[in-house]
Amino acid sequence: MIIPPIFGAIQSIRDGLEKRYIAAYLALTVVGMGSWCFHMTLKYEMQLLDELPMIYSCCIFVYCMFECFKTKSSINYHLLFTLVLFSLIVTMIYLKVKEPIFHQVMYGMLVFTLVLRSIYIVTWVYPWLRGLGYTSLTIFLLGFLLWNVDNIFCDSLRNFRKKAPPILGVTTQFHAWWHIFTGLGSYLHILFSLYTRTLYLRYRPKVKFLFGTWPVIMFEPQRKH
């Protein structure tokens, strides 16, 4: 998930959207690039480039979701400070202990926060966004689930793939599915957050599909009568 978020960031700049959404798109691109670098090299430094941006990008997503219903261009310094401090603490501890479970728990906490906030929005504020909201959550959480299954049963899955036909073995590459589902789920989550925000600002957002396949948000300011 590298190129589509870049286009999303460019479109956000053209539409004059708030900088946090540009940051969200670019953060997703950084995660994709970090993951690409790590899996090409399998070096520890590249692993950090893969895993730490996951924390940072989720913090940006959290900020966007909790600031959806504020005045335009407002800045919540308390929330911003809290998320930056959280990112710094997680980074320092992770560099010290180098324990993957710690990273997974911290990342899971951020994901859980996003899930609760999203459910609140589609339940009490904009029920008609349930389709987009639940689609993004389902795809993302499916990837998150497969990631944990792969971590827990890695040895068993490897042994299974040695005996299973190649086609069946490919389907059990849960780590690969994790990247696909969470990348797509994160992108759709940004669209959901952006849709929520532009609705609150009284724009008229629409989800359209570029080339008939890739979802993007197009909108125009509501006309004044």
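A residue counts as buried when its relative accessible area is under 20%. The exercises below apply to a predicted model.

**Exercise 1. The setting of His103**

Determine whether His103 is buried or exposed, and list its contacts outside the local sequence.

Solution. 
- Step 1: Locate the residue. His103 belongs to helix α5, which covers residues 100-125.
- Step 2: Compare its accessibility with the cut-off. The relative accessibility of His103 is 1%, so this residue counts as buried.
- Step 3: Set aside neighbours within four places in sequence. His103 then touches Glu51, Leu52, Met54, Ile55, Tyr94 and Trp147.

**Exercise 2. The packing of α4 and α5**

Work out how helix α4 is oriented relative to α5, and which residues meet.

Solution. 
- Step 1: Take the geometry. Two packed helices are described by the angle between their axes and the distance between the axes. For α4 (residues 77-97) and α5, the angle is about 165° and the axes are 10 Å apart.
- Step 2: Classify the angle. Angles over 145 degrees count as roughly antiparallel, and α4 and α5 are therefore roughly antiparallel to each other.
- Step 3: α4 and α5 make a left-handed crossing.
- Step 4: Identify the residues. From α4 come Phe86, Val90, Ile93 and Tyr94, which meet Pro100, Phe102, His103, Met106 and Leu110 of α5.
- Step 5: The contact of α4 with α5 has eight nonpolar residues, one polar and no charged.

**Exercise 3. Two partners of α2**

Describe how α2 packs with α1 and with α9.

Solution. 
- Step 1: Begin with α1 (residues 3-14) and α2 (residues 19-41). Their axes lie 8 Å apart at an angle of about 165°, which makes α1 roughly antiparallel to α2.
- Step 2: The α1 and α2 crossing is left-handed. Pro5, Ile6, Gly8, Ala9, Ser12 and Ile13 of α1 make the contact with Ile22, Tyr25, Leu26, Leu28 and Thr29 of α2.
- Step 3: Turn to helix α9 (residues 174-200). The axes of α2 and α9 cross at roughly 175° and come within 10 Å, which makes α2 roughly antiparallel to α9.
- Step 4: List contact residues. On the α2 side they include Arg20, Tyr21 and Ala24, and on the α9 side Ile190, Ser193 and Arg197 are among them. The contact of α2 with α9 divides into eight nonpolar, seven polar and two charged residues.

**Exercise 4. The setting of Cys64**

Find the helix that holds Cys64, its burial and its contacts.

Solution. 
- Step 1: Cys64 sits in helix α3, residues 44-66.
- Step 2: With a relative accessible area of 2%, Cys64 is buried.
- Step 3: Beyond four places in sequence, Cys64 contacts Arg20, Tyr21, Ala24 and Ser193. Arg20, Tyr21 and Ala24 of α2 and Ser193 of α9 also take part in the contact of these two helices.
- Step 4: Check a distance. Cys64 and Glu18 are 46 residues apart along the chain, and their C-alpha atoms are separated by 9.8 Å.

**Exercise 5. The whole chain**

Summarise the protein chain by its secondary structure and its radius of gyration.

Solution. 
- Step 1: Count elements. The protein chain has nine helices and two strands, in the order α-α-α-α-α-α-α-α-α-β-β.
- Step 2: Compare the radius of gyration with expectation. A compact globule of 225 residues would have a value near 17 Å, and the 19 Å of the protein chain agrees with this.
- Step 3: Of the 225 residues in the protein chain, 44% are buried.

Methods: Residues are numbered from 1 along each chain as its sequence is written. This is a predicted model: local features need pLDDT of at least 70, side-chain atom pairs count only at pLDDT 80 or more; totals for chains, interfaces and linings use all residues. Side-chain values use heavy atoms; hydrogens and water are left out. Axes are lines fitted to C-alpha atoms, for helices over the stretch in contact, and angles run from 0 to 180 degrees between N-to-C directions. Helices (H or I, at least four residues) and strands (E, at least two) are DSSP runs, numbered from the N terminus. Angles under 35 degrees count as roughly parallel, over 145 as roughly antiparallel, 65 to 115 as roughly perpendicular and the rest as oblique. A crossing is left-handed if the near helix is turned anticlockwise from the far one by less than a right angle, and right-handed if clockwise. Contact means heavy atoms within 4.5 Å. Buried means under 20% relative accessible area, exposed over 50%, partly exposed in between (1.4 Å probe, protein chains only). The radius of gyration is taken over C-alpha atoms; the globule rule is 2.2 Å times the number of residues to the power 0.38. Ala, Val, Leu, Ile, Met, Phe, Trp, Tyr, Cys and Pro count as nonpolar, Asp, Glu, Lys and Arg as charged, and the others, Gly among them, as polar.
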